[in-house]
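Take a look first, then we'll go through it.

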Amino acid sequence: MIRRQRLAAGLCALLAVLAAGLAFPAGAVADETTAHTPKVDLVIDVSGSMRTKDIDGTSRMAAAKQAFNEVLDATPEGVQLGIRTLGATYPGDDRKTGCKDTAQLYPVGPLDRTEAKTAVATLTPTGWTPIGPALLKAADDLDGGEGSKRIVLISDGEDTCAPLDPCEVARGIAAKGIGLTIDTLGLVPNTKMRAQLSCIAAATGGTYTSVEHADELTDKVNQLVDRAADPVVTPVATDGGDSCAKAPTLKSGLYTDHEEFGRQRWYRVDVRPGQELRASVSVAADRAMRPDYGLLLRAVTVHGREIVRGEAAGSGRTDMISTGLRYPKADSDDDRAPAETVCLQLTNSFTAASGVKTTPGLPVELTVDVVGGPSQADDVASFGLGRGWWLLGALVLFGFLAGLVWGWLSRWRVAVWRTN
Amino acid sequence: MRITRVLGAALLTLGLAAGPAAADSSPSDSSPPGSTPSPSASDGASAPTSAGTSFRTATEIAQGKTATASASTGDYLYWSFPADVGRRPTVRATVKLPRSHAAQTWQVDVYDGLRRRQACQYGAQTRTVEPGTGSVELACVLRTVRAWSQPWANDPLPGTYYVRLTAVDVRTADLGQPVGARVRVESKDIGGPAAVDGRLAKPLVPGVAARTQAETDGKSEQSAEPAALSGTEPDGGWSSGWWSDRWVWTAIGAALAALAGIGGYALTRGSGRPSRMPSQGS
């Protein structure tokens, strides 16, 4: 029965899809996709240390070049790929000049494989390792468009351009709310470099990988470029208020924001009678934190009464902490009943580890869904159906008793009828 | 009297007919169609070979399929799967560790469609491995998914579930080493015993409102390649919630009650004609 209904529903859906496919010509789709094209910028370290021959017997540079050639061949259609170098041109000892040494080798755009490969072939290990400045420039390269953006940083040494901490640079880039992810790869890394590169990756929700062999490098970069090609929802940047009165009103959707340590963020959502508000929030731990933390999301009325809350607490290494709540608003008989403004209050109890900057705030991801129809009591249990041997026993017992009573009643009635 | 006999016969036939069906479905397993993973679905070519790195990018997996991913120690790996009413999902994860490593602690966490952490009833959710161990196996048996719960409760509800797999305690020197992860979600059908008084208007699938809004706004061309927060759905769609083995139990109960009623009635009558009748008649 259900199977048949589902089959019918499936057929209807199939027809609808076919109809939709006919109704919307392919041209309309193409326009939409250019704005959402994923962009990847490969940032490669061309510092002097890349000459070291310790990856499968060849130099790090040779391994990187080989990997790049294979990645360029395998780049999926529709991904805009660019290449940026750091430390490629200035061989001198002047730190100031060396730390500005980053250049765009191949601009982010539609990929011409031959041209890109020729450009890669010209690289020779030369100068310093200015990771921070290179990341800033790479973020500029990727500016514009609404698609996913990804920087893949390949380096064989830690940043040589202190005091500009590349971790803080990465956090600053993430704070712009342009949905950029930085993935880092360390060639034959030492502990200090691991710590720095994984810190950069953690700041933007990216990944860090150690590379010891050439094929690992190729596989990982390919995987990252492919990941960029997957369609994702781009969140909308919003700016929560300090109090409910100053909070922005949100509709259903995905939002990003920043929340400073020890501060509150407020948002407002309008919920009409008969609708259900669903809100979930994640706060990312994008820097070194003390090991215990928590998150609280409260839905309160404009008068400050708490309706419902979502809480989470955790301990240990984490990328984020998240919680959510739902608030079904009862249906109203009056069709023109006004929407209720629900205030969402967000607080977190993260503490930055000592010596870690507390600005910019922690990245917040907020999902708001206002769906039709609150919870209805209409499943089988509420029809009064039951189950179990006790139910069967009770029914049999009561049926038997009813039969007995009925039998006696009718005997008594016959007897009365006979005597009269 | 004749009517009762006919009725009794009819009920008896009904009871006999319903009996085997009940024996099949009443004890525990009244599989709603489509929700049981078919044996052929295991390890199919379509099982995903990568994992997401956040809730937003979580890789969708179907129940009963083994998803694999190559990753690095320290990565946070995310998958999402749909879980429907009356099912009790079990998440199993295996991580293949590199040859040399220090002691590490791995953990699998499950979150519901509202990104609330869900408790595991049983299973080794967190495990610490000794240096040099080849692999670590984690498991999490969730609570049974209920059709409805109060908004103040944290009960599992039908919708999208997220799995996060990560090393929660790892030395810096071990970060970035290649690991292989395998994740498999299966669920046991609990069925009628888990039925509750109510139902959600829509399953807890994040982004469901935004998606329907985009469709009604006539932006359907955008969803040609839908970048949805979550598009998971059990094969065969979300259950409508009206089927449960409670129908079978109640029907059998009613039939047995009717039979018992007839039995009770017959008992008051004795067998054959009442013995007093002839003497009274003369």
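Q: What do the buried residues of H3(A) pack against?
A: This is a predicted model, to be clear. In it, they pack against strands E1 (39–45), E4 (149–155) and E5 (180–187) plus helices H5 (113–121) and H9 (214–229) of chain A.

Q: What makes a residue of H3(A) such as Phe68(A) count as buried?
A: The cut-off is 20 or more other C-beta atoms within 10 Å of its own. Phe68(A) is on the buried list, and so are Arg60(A), Lys65(A) and Leu72(A), among others.

Q: How do you know that the length of helix H3 of chain A agrees with what it should span?
A: Count 1.5 Å a residue, and the 15 residues (60–74) should span 21 Å; the end C-alpha atoms are 21 Å apart, so the two agree.

Q: Why are E2 and E7 of chain B said to stand at the edges?
A: Start with the sheet: it's open, antiparallel, and runs E2-E11-E4-E9-E7 in chain B. Strand E2 (66–72) and strand E7 (120–122) each have a single partner strand, so one side of each has no neighbour in the sheet.

Q: How do you know that E4 and E11 of chain B pair?
A: Pairing takes at least two bridges. E4 (residues 87–96) and E11 (residues 178–189) have ten, in the antiparallel sense, so they qualify. One of the bridges joins Arg87(B) to Asp189(B).

Q: Which part of chain A gives the largest share of the side that touches chain B?
A: Overall, 80 residues of chain A contact 79 of chain B. Helix H10 (residues 389–419) of chain A supplies the largest share, 15 residues.

How values were computed: Residues numbered from 1 in each chain as written. Chains lettered and ligands numbered in written order. Predicted model: local features only at pLDDT ≥ 70, side-chain atom pairs only at ≥ 80, totals over all residues. Helix = DSSP H or I, 4+ residues; strand = E, 2+ residues; numbered from the N terminus. Expected span 1.5 Å × (residues − 1). Buried ≥ 20, exposed ≤ 12 C-beta atoms within 10 Å, placed from the backbone. Contact = placed C-beta atoms within 7 Å.
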